[in-house]
Amino acid sequence: PPAPTLSVVTGDIYIGKKYTIFSDTLQENREYWVHLPDEYAQNTEQTYQVIYLLDGQSLFHSLVGISKTLSSGRGKHLPPSIIVGIVSTDRARDF
């Protein structure tokens, strides 16, 4: 059989940025992830809805994909939105 070909990195897959903020209430650093719509940088006067997502570490990637699908193509069932995924450190307390 022929030898397998090696993959070549051609670019990054980018869906958001990670941030950290200190919570005075919880006395800990909290991580959150932010996805901006593709057209965000080009249209500075446009306003966007914000979707806050708890359990961000588990659901962020899926929700970004769903949002992109529902806000493009035919129908546009969801307006382009900013998605903020909040990473849980103590799920019972955070909820």
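Let's start with D55. Buried or exposed? In this predicted model, D55 has 9% relative accessibility. Buried means under 20%, so D55 counts as buried.

Where does D55 sit? Look at the loop between β3 and α1. Strand β3 covers 49-54, and helix α1 covers 56-70. D55 is found in that loop. Now check its backbone. The phi of D55 is positive, about 60°. And D55 is not a glycine.

Next, Q27. Here too phi is positive, at about 55°. Q27 is not a glycine either. Find Q27 in the loop between β1, which is 17-23, and β2. Is Q27 buried or exposed? The relative accessibility of Q27 is 55%. Exposed means over 50%, so Q27 counts as exposed. Keep that pair in mind: D55 is buried, while Q27 is exposed.

Last stop, H35. Follow strand β2, residues 28-35, and you will find H35 there. Its relative accessible area is 5%. That is under the 20% cut-off, so H35 is buried.

What lies around H35? Set aside the neighbours within four places in sequence. H35 is then in contact with I15, G16, F60, V64, K68, S81, I82 and I83. Take I15 from that list. Which atom of I15 lies 2.8 Å from a polar atom of the H35 side chain? The backbone oxygen of I15.

To recap. D55 and Q27 each have a positive phi without being glycine. H35 is buried in the model, and a polar atom of the H35 side chain lies 2.8 Å from the backbone oxygen of I15.

Key:
Residues are numbered from 1 along each chain as its sequence is written. This is a predicted model: local features need pLDDT of at least 70, side-chain atom pairs count only at pLDDT 80 or more; totals for chains, interfaces and linings use all residues. Side-chain values use heavy atoms; hydrogens and water are left out. Helices (H or I, at least four residues) and strands (E, at least two) are DSSP runs, numbered from the N terminus. Buried means under 20% relative accessible area, exposed over 50%, partly exposed in between (1.4 Å probe, protein chains only). A polar contact is a pair of N or O atoms within 3.5 Å; within protein, one must be able to donate a hydrogen and the other to accept it, and residues adjacent in sequence count only if both atoms are side-chain atoms. Contact means heavy atoms within 4.5 Å.
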